[in-house]
Amino acid sequence: MQPKSYLVIGGGLVGAASALRLQAAGFVVTLIDPGDPRRAASFGNIGHIAAEQVSPLASRESLRTFPGRLFGLGGPLDFRWRDAGLWGPWAMRFIAASSPACHARGQAALTAILAQALPAWRRLAEFSGAPDVVGRDGHAVVWMSERATGKGMRGWERAPTGSAAFRPMGADDLAPYAAVMTRAPVAGIRFSGTAQVSEPQAARDALMAAFSARGGEVVHARVAHLSSGDRVIAHLEGGGSREAEGALIAAGAWAGRLMRGLGVEAPVIGERGYSVQSADHDWDEALPPTVFEEHSMVVSRFTSGLRASSFVEFGSPDAPGDPRKWRALERRLARLGIRFSPEPDRWVGPRPTLPDYLPAVGRLERDPRILYAFGHQHLGLTMSAITAELTASLALGVKPVIDLTPFRIERFSRG
């Protein structure tokens, strides 16, 4: 029997968007979230709707370039050694998923879902009563040296970009950077078919407001575990419980524990990103979100300030931040001559990542009342709107607009 009520576990962008779509589809929805928006990846991300990122990071190329990207050598990649018990087994699965055949299947799956990402975001922004949440179109990738330009340009010319496209940036495109940096980049490419949200947290707030306005209930608590009998019960930390006929697990980097409690293997890990933000800056609002590729850093202007983000750190989602990474970000900004507060707002949050760099979106085979939507890695904001539409389709028993077979969580428990 199709559930008429749902618990949504997790209130990041994926959970908030899905709760809104489920509530609007006629279900009675209770969203359970810890209530600390800074805790997860939805808060401090760069706001990029990245339709171009159709190639999974699980690849032979990632394995080949791994040593040169380590944090100890100045790169963005790091591992918390005290968390080796978490990322060690995950890394073995990552290596297996990096085979050419697995990579090709993953790329086809990401291409299909990311083609829907930006249109779904425009629909969601309009539906939530906040059409301005989806702001400027496009983004830029730039290089500060001729050597980096050659390598970077060759890489992008070979790379698939899905529904997005790019063109070389001319002198007129690059000149405005000189007004806000020590000098303009040597070269760059400008993408179309991508976009930026005006403010990640404002986007989430708009979704939550629309959800509440439609009668949705929000409970600020952490779920210790789920159990299912006649109904699905969320047992809350500190006591108490909530129940419904069905549940959607959208708990990001913390989803693995809940899935294991249901007897399902879900090897999701916290792949942590770092950002710094300054309300005091002179970054021109006409400049697009910009990737400084040889610095492994993205700079983007929001309504609340200028944000810079970097790093891929594997470890516990609850571990404290590493001050070295914030300092490294601030040094890179200083070297580029980008004016920034000497005491910026510092943030760290875990991207929920599965070893093949595909999300988990679907319905549990062993208990069809349980839906799941997590593991969106760097693309949580990007895919949140289309994931919400797919989740609503599953709940309604309607055929989804794309094939969800590649995203089934059971792919990790077979073979």
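The side chain of R272 reaches the backbone oxygen of P320 at 2.9 Å. A second polar contact, of 2.5 Å, links the side chains of R272 and E313. A polar contact here is a pair of N or O atoms within 3.5 Å; within protein, one must be able to donate a hydrogen and the other to accept it, and residues adjacent in sequence count only if both atoms are side-chain atoms. This is a predicted model: local features need pLDDT of at least 70, side-chain atom pairs count only at pLDDT 80 or more, and totals for chains, interfaces and linings use all residues. Residues are numbered from 1 along each chain as its sequence is written, and side-chain values use heavy atoms, with hydrogens and water left out.

| Residue | Element | Relative accessibility |
|---|---|---|
| R272 | strand β15 (residues 269-278) | 1% |
| M153 | helix α7 (residues 146-158) | 18% |

R272 counts as buried, and so does M153. Buried means under 20% relative accessible area, with a 1.4 Å probe and protein chains only. Beyond its neighbours within four places in sequence, M153 is in contact (heavy atoms within 4.5 Å) with W143, G188 and I189.

Strand β1 (residues 5-9) has 5 of its 5 residues buried. S5, L7 and I9 cover one side, Y6 and V8 the other. β1 runs parallel to β2 (residues 28-33), joined by 5 bridges. β1 also pairs with β14 (residues 246-249) in the parallel sense, over 4 bridges. Pairing requires at least two DSSP bridges. Y6 partners V29 in β2 and G246 in β14.

Key
Helix = DSSP H or I, 4+ residues; strand = E, 2+ residues; numbered from the N terminus. Buried < 20%, exposed > 50% of the residue type's maximum accessible area, 1.4 Å probe, protein only.
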